[in-house]
Amino acid sequence: MAASEVRKRSTGLGVPALVSIGIGGMVGGGIFSVLGLTVQVAGAGAYVSFLVGGVVAALTGVSYSLLSVRVRSRGGTAAFLDRSFGPRVAGPLNLLLWLSYFVMLGLYAVAFGSYLAALLGLSGGWHRLLGSAVVICFAALNMADAQIVGRAEAVLVYFKVAVLLVFCVGGLAFVDTARVAPSAFPHGGAILYAGTLIFLGYEGFELIANAAEDAAEPERTLPRAYLISLGSVIVLYVLVAFVAVGNLTPGQIAHDRDYALAVAARPLLGQAGFSLIAIAAVVSTASAINATLYGTAKFTYLMARHGELPEHLAEPVWHRPIGGLIATTLGTLLVVNLVDIEGISLMGSAGFLIVFAAVNVAAARVPDARTAVRIAAGAGAVACVCCLLALTAYAAANIPRQLGVFGAMLGTAVLAEAVIRARGRALPPGSAPHTAERER
């Protein structure tokens, strides 16, 4: 083994660093954003809904752990899809992934605005105004090449987790068991639908794949990182939902659903608890917005460079390649100001369910993978499709307008890819559009 390879193995990202990336991606804003909506839909069964979403994420995590070792690339999900399906299929899926990213940014921005407005005692449309402002602010900082969180991101991850653990530990002693008993659950369809809506809160584990190239001993560290980060976050989310529902009625949480977690902390820790959770949510969503904007801008630039997005998004603006950042910012602002939180959750979760179903299929097609892994990947693909069907059926009956918005988002991805191919920008078969890939 070359000396350079030995040094790389010893200095690469270990399990703790990779776990920090995965947990940071998941707890970046999801639980703060969707708890109130989940309780509004699933009532006392909200914690079961988080478990449902977690099981689907865990099955998909098995596929990611396999593919991250086989194709170590900063392209992450996009690289997996390109390698497995080629540009004609991967192109629309990668476009859908991009659109899903700025839907996720919209969810974080609305959560940021809602918690900050509650902390400042503001009402009305301030949450959208504040959400728009933070997106514009971080977009400007990224244009100036100033990344706010940087090395402090790991500290922020553990701060967020610590605050949520304090909430759980403090609240478990006061849980009203009658409120969380199965007899208080709504029908199973509502619990399943809520589980699909909050899937967006789990998708951040995929960020581990983007760091796979820098992992030390990837065959060992990557599977462990997925297992630990997903397992930890599933337990954390279920506990948070259990404590929230056990201490407040669903009506109380639903009344203030946009900042429900802070409201749920008030009976346990008083106004100080409300403020602590609200501050944690503001810090968490702000850092998530910054990191996601930064990563999505690079992702968009690479896609444009290699023919999966219009070439104009890779052209220099003010002497820097920030076309993708500008496009993502504008799309996010549209989501923040035109779509309510349930519609945002529906669009984002549905988009990621489609992409993750394809990733599971890609893993199931790996010929020399272990049988257990291929079975888990197949089960993950089926679970993603079933959740998507449940999401579609419920939305068609209850919020058809929001389903129409997602249909337009999906149609945009397919149509845009067709236009790009028609202009001759599609990649030739077998090409690898993402940099620094290592296939094993």
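The following questions and answers concern a predicted model of one protein chain.

Reader: What makes up the protein chain, in helices and strands?
Author: The protein chain has 18 helices and two strands. Of its 440 residues, 57% are buried.

Reader: Why is Gly273 called buried?
Author: Buried means under 20% relative accessible area. Gly273 has a relative accessible area of 1%, so Gly273 is buried. Gly273 is found in helix 14. Between Gly273 and Ala262 there are 7.2 Å in space, C-alpha to C-alpha, and the two are eleven residues apart in sequence.

Reader: How do you know that Asp368 and Arg70 form a salt bridge?
Author: The definition asks for a side-chain nitrogen of Lys or Arg within 4 Å of a carboxyl oxygen of Asp or Glu. For Asp368 and Arg70 the N to O distance is 2.9 Å, so the pair qualifies as a salt bridge. This pair links distant parts of the chain, with Asp368 in the loop between helix 16 and helix 17 and Arg70 in helix 4, 298 residues apart.

Reader: How many salt bridges does a search of the whole structure find?
Author: The search finds three. Besides Asp368 with Arg70, Arg179 meets Asp176 with an N to O distance of 3.8 Å, and Glu217 pairs with Arg220, their closest N and O atoms being 3.5 Å apart. Each of these distances is within 4 Å, so each pair counts as a salt bridge.

Reader: Why are Arg179 and Asp176 called partly exposed?
Author: Arg179 has a relative accessible area of 29%, and Asp176 is at 32%. Both values lie between 20% and 50%, so both residues are partly exposed. Glu217 is at 35% relative accessibility and is therefore partly exposed. Arg220 also has 35%, so Arg220 is partly exposed.

Reader: What makes helix 17 close to its expected span?
Author: Helix 17 covers residues 371-398 and has 28 residues. The distance from its first C-alpha to its last is 40 Å, and the expected value at 1.5 Å a residue is 40 Å, so the helix is close to what is expected.

Reader: Which parts cover the buried residues of helix 17?
Author: The cover includes helix 4 (46-70), helix 10 (188-197), helix 16 (341-364) and helix 18 (400-422). Among the buried residues of helix 17 are Val373, Gly380, Cys384, Cys387 and Leu391.

Reader: Which residues have the most contacts inside the largest nonpolar core?
Author: They are Phe50 and Phe167, in a core of 152 residues. Leaving out residues up to four places away in sequence, Phe167 touches Val240, Val243, Ala244, Leu261, Ala264, Ala265, Leu268 and Ile277.

Reader: What makes Leu129 part of a nonpolar patch on the surface?
Author: Patch residues have over 30% relative accessible area and no salt bridge, and nonpolar side chains are joined within 5 Å. Leu129 belongs to such a patch, and other members include Leu119, Trp126, Phe159 and Ile279. The patch has about 670 Å² of accessible area together. Leu129 is found in helix 7. Helix 6 (87-120), helix 7 (126-143) and helix 14 (260-305) each supply at least two residues of the patch.

Technical notes:
Residues are numbered from 1 along each chain as its sequence is written. This is a predicted model: local features need pLDDT of at least 70, side-chain atom pairs count only at pLDDT 80 or more; totals for chains, interfaces and linings use all residues. Side-chain values use heavy atoms; hydrogens and water are left out. Patches are made of residues with over 30% relative accessible area and no salt bridge: like charges are joined within 9 Å, nonpolar side chains (Val, Leu, Ile, Met, Phe, Trp, Tyr) within 5 Å. Accessible areas come from the Shrake-Rupley method with a 1.4 Å probe; for residues, only the protein chains shown count as cover. Helices (H or I, at least four residues) and strands (E, at least two) are DSSP runs, numbered from the N terminus. A nonpolar core is a set of buried Ala, Val, Leu, Ile, Met, Phe, Trp, Tyr and Cys residues joined through side-chain atoms within 4.5 Å. Buried means under 20% relative accessible area, exposed over 50%, partly exposed in between (1.4 Å probe, protein chains only). Contact means heavy atoms within 4.5 Å.
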